[in-house]
Amino acid sequence: MNEDKMNLLVCGGAGFIGSNFIHHMFETYPDVSIVNYDKLTYAGNEKNLAKFSDHKPYTFVKGDICDLAKLNAVMEQNKITHVINFAAETHVDRSIHGGAKEFVLTNTLGVQMILDAVNANAIKKFVNVSTDEVYGALDLYEDRLFTEETPIMPNMPYAAAKAGGDLMCNAYFRTHGTPVIVTHCSNNYGPYQFPEKLIPFFVFKLMAGEKVPVYGDGRNVRDWIHVRDHAKALVLLLEKGEPGHVYNIGSNNERDNMTLTKMILEILGHGEHMIEFVKDRPGHDLRYGIDATKISSLGWKPHYTADRFGDGLRETVEWYQNNTHWVRDLIEQKKDEMNAWQVSFFSNV
Ligand SMILES: NC(=O)c1ccc[n+]([C@@H]2O[C@H](COP(=O)([O-])OP(=O)(O)OC[C@H]3O[C@@H](n4cnc5c(N)ncnc54)[C@H](O)[C@@H]3O)[C@@H](O)[C@H]2O)c1
């Protein structure tokens, strides 16, 4: 990558994947210039990037992607050339039980605002980070994966709102020639994930000596990718991805929830009696599986392939074990946006 020419705006860079992406960028290209534009919702944590706070090419701006005037000003002032968007409401359960309005505002309208700002500021390339959940679900035993040609058929409010943003990207490319790329990635794992999500949540439950809640019968399958492999794929697309195209990202690593749960139990030295089956999520998608042939043909290869998943998962579990202060600090910052149970549980990990 020729980082001398790239002034990058990262939207939503204080969350899980965005902060891992910024870590990866600075470790690989120390001189690349990055503006991190994030609203700091309950899921955003500026401290994920504390080690770069004095790093000259790094700037943090608190802002909402729905605020077009602010986006335009930030792009203009910082002579932004490239944009990548991680900003989203991401927790599927919140989109079911807490109402979907914020999801539509950020995941659909917010993307449209970025597209307008990209056009107004002659941005060279915009990568909109999206999810495989927009494709709906696969059957458990069908011999089929999601390809870039699979129709968009989301089942969850979260996924429908993401699909709205993706369709806007396609429409802006066709109508205005906006240089936008959309990615559909599978489930990520790694450090800095908000602890309401499955892997960190299970780790903290087990560390507290409590059982882990598995939805339904635990047969639901997800295709797990290490967040750093996702970050590498996104850098490649900023450089070599073709505007107007969709790219699937996944590392061919499908696991059902029971298998994943047993692996976490084993790493932490617990038996299966620590599993508690709970009522299934309404409309729970059965299986996601990604065909990543297209991005592989650009030269992307995951480090954490399926046979290294055990290593990646162990490193991830150990990261949460060794960073309980990170969770306690996060919950202290966000306690007004968490329920009483979450505040009490995570404050004591
Ligand atoms: N986590 C996964 O497994 C996964 C898989 C595939 C795709 N994705 C996609 O990757 C992206 C990042 O996911 P994540 O897991 O890092 O999410 P996250 O919830 O950890 O972080 C989201 C970030 O966006 C910020 N944000 C939210 N609304 C905003 C707004 N209106 N304006 C500016 N910033 C805002 C939050 O403060 C937070 O920092 C999302 O678009 C998600 O759909 C995630």
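Contact here means heavy atoms within 4.5 Å. The structure is a predicted model.

**Leu40 and its surroundings**

By that criterion, and not counting residues up to four places away in sequence, Leu40 touches Ala14, Asn45, Glu46, Phe60, Lys62 and Lys334. Leu40 sits in the loop between β2 (33–38) and β3. Is Leu40 buried or exposed? The relative accessible area of Leu40 is 19%. Buried means under 20%, so Leu40 is buried. One of its partners is Ala14. Leu40 and Ala14 are 26 residues apart in sequence, yet 7.1 Å apart in space, C-alpha to C-alpha.

**The sheet**

An open sheet is formed by 7 strands, in the order β3-β2-β1-β4-β5-β6-β11. The pairing is parallel.

At the β11 end, 4 bridges join β11 to strand β6 (residues 180–185), and the two run parallel. Within this pair, Val182 stands opposite Val246 in β11. Helix α5 (residues 157–176) packs on the sheet and touches β5 (125–131) and β6. The direction of α5 makes about 155° with that of β5.

**Nonpolar cores**

The largest nonpolar core has 42 residues. Those with the most contacts inside it are Leu8, Phe21, Ile22, Ile34, Ile84, Ile249 and Ile295. Two or more residues each come from β1 (7–11), α1 (16–28), β5, β6, α7 (227–240) and β11. Which element gives the most to this core? It is α7, with 8 residues.

Take Ile22 from that core. Leaving aside neighbours within four places in sequence, Ile22 is in contact with Val10, Gly13, Ile34, Asn36, Leu49, Phe52 and Tyr58. Another core lies apart from the largest one. This other core has 35 residues, among them Phe204, Leu206, Trp224 and Met274.

**The ligand site**

There are 28 residues around the ligand. Ile17, Asp38, Thr90, Tyr158 and Lys162 come nearest.

Notes
Residues numbered from 1 in each chain as written. Predicted model: local features only at pLDDT ≥ 70, side-chain atom pairs only at ≥ 80, totals over all residues. Heavy atoms only, no water. Pairing = 2+ DSSP bridges. Axes fitted to C-alpha atoms, helices over the stretch in contact; angles between N-to-C directions. Core = buried A, V, L, I, M, F, W, Y, C linked by side-chain atoms within 4.5 Å. Buried < 20%, exposed > 50% of the residue type's maximum accessible area, 1.4 Å probe, protein only. Near = heavy atom within 4 Å.
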